[in-house]
Amino acid sequence: MTDTFIDFHRIAGGRNLLVLTAAPGDESLFCSGLIAQACALGRPPFVAVLTDGSRIAVPGLNDPTPDRIAGMHALRTLRATGILGVPHEWFVSLGLYDGTVPTHGARFSAVVDALAAIMWRRDCDAIAVPWAADKRPDYAACHAVGVAFSADGIGLITYRTSGHADGSNPMVRLRPTAASAQGSAAQAQHAHIKSDV
């Protein structure tokens with residue numbers, strides 16, 4: 001089956017987005033087209049990264065302690081989102097340790113509450129999260145956050161985070177625009193992302 005391309009307006013529908021990613025760099029690798037097109041239309045999304053990336057090696061970093069790695073990832077994600085058009089004050093790293101994000105319980109509710117406060121302050125009425133097919137713990141937690149919001153009437157948009165599809169349905173893709181070209185420059189901010197991705 002072939003993929004179907006649709007316009008940004010069919011995805012966002014005039015809503016204000018919060019883009020939630022599991023790890024630093026995901027905003028550029030998986031969501032750069034969505035983010036850049038929203039910014040080009042004057043509706044920059046709020047971008048939140050769930051984990052600190054402290055277990056993701058940063059090539060060339062001297063004395064790579066977890067805190068230094070996390071700090072470098074936060075700085076590079078801030079730069080990448082800026083390239084895509086997101087104002088610096090519309091980006092936050094929640095800073096949870098890699099692999100520790102819950103999908104239920106009191107800690108999960110605290111994550112949802114923290115994001116709910118951001119969404120309320122920024123008037124976000126839709127959230128973009130990784131698709132359900134990605135079972136890696138932090139990605140599954142992001143998806144669970146989106147499902148929790150959708151139960152309260154917030155629009156839910158999911159994005160693909162791997163090449164694995166079930167084959168029964170074509171993938172729906174965002175139609176590229178001139179703004180989409182910023183994705184490569186945003187990805188270049190993250191040295192841990194391979195250029196051939």
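The legends below describe close-up views of a predicted model.

In this predicted model, local features need pLDDT of at least 70 and side-chain atom pairs count only at pLDDT 80 or more, whereas totals for chains, interfaces and linings use all residues. Residues are numbered from 1 along each chain as its sequence is written, and side-chain values use heavy atoms, with hydrogens and water left out.

View 1. Five strands form an open sheet in the order S4-S3-S2-S5-S6, and the pairing is parallel; strands (E, at least two residues) and helices (H or I, at least four residues) are DSSP runs numbered from the N terminus, and two strands pair if DSSP finds at least two bridges between them. Strand S4 (91-96) and S6 stand at the edges with a single partner strand each, so one side of each is left without a neighbour in the sheet. Direction ignored, neighbouring strands of this sheet are turned by 20° against each other on average; the axes are lines fitted to C-alpha atoms, for helices over the stretch in contact, and angles otherwise run from 0 to 180 degrees between N-to-C directions. Strands of a sheet pair through backbone hydrogen bonds, either parallel or antiparallel.

**View 2. Strand S5 and its two partners.** Strand S5 (residues 126-130) is largely enclosed by the rest of the structure, because five of its five residues are buried; here buried means under 20% relative accessible area, exposed means over 50%, and partly exposed lies in between (1.4 Å probe, protein chains only). Three bridges join S5 to strand S2 (residues 17-21), and the two run parallel; Leu-17 has Ala-126 of S5 as its bridge partner. S5 is also joined to strand S6 (residues 155-159), by five bridges and again in parallel, with Ala-128 having Ile-157 of S6 as its bridge partner.

**View 3. Strands S3 and S4 with helix H4.** S3 and S4 pair in the parallel sense over four bridges, and the bridge partner of Ala-48 in S4 is Val-92. Helix H4 packs on the sheet, touching S3 and S4, and its direction makes about 155° with that of S4; contact means heavy atoms within 4.5 Å. Within helix H4 lies Thr-81, which counts as buried at 0% relative accessibility. Not counting residues up to four places away in sequence, Thr-81 touches Glu-27, Val-47, Val-86 and Phe-91. Thr-81 and Phe-91 are ten residues apart in sequence, and their C-alpha atoms are 7.6 Å apart in space.

**View 4. The crossing of helices H5 and H6.** The axes of helix H5 (residues 105-121) and helix H6 (residues 137-150) come within 10 Å and cross at roughly 60°. That angle makes H5 oblique to H6, given that angles under 35 degrees count as roughly parallel, over 145 as roughly antiparallel, 65 to 115 as roughly perpendicular and the rest as oblique. Phe-108, Val-111, Val-112, Leu-115, Ala-116 and Met-119 in H5 meet Ala-141, Ala-144, Val-145, Ala-148 and Phe-149 in H6. The residues of this contact divide into eleven nonpolar, no polar and no charged, where Ala, Val, Leu, Ile, Met, Phe, Trp, Tyr, Cys and Pro count as nonpolar, Asp, Glu, Lys and Arg as charged, and the others, Gly among them, as polar.

View 5. Helix H3 (residues 32-40) is largely enclosed by the rest of the structure, because eight of its nine residues are buried; among them are Ser-32, Leu-34, Gln-37 and Cys-39. Ser-32 is buried with a relative accessible area of 10%, and Ser-32 touches Glu-27, Leu-84 and Gly-183 when residues up to four places away in sequence are not counted. Just after H3, Gly-42 takes a positive phi of about 80°.

**View 6. Two loop aspartates with positive phi.** Asp-63 is placed in the loop between strand S3 (46-51) and helix H4 (66-84), and its phi is near 50°, a positive value in a residue other than glycine. Asp-63 counts as exposed at 51% relative accessibility. Asp-123 lies in the loop between H5 and S5, and phi of Asp-123 is near 55°, likewise a positive value in a residue other than glycine. Asp-123 is exposed, with a relative accessible area of 53%.
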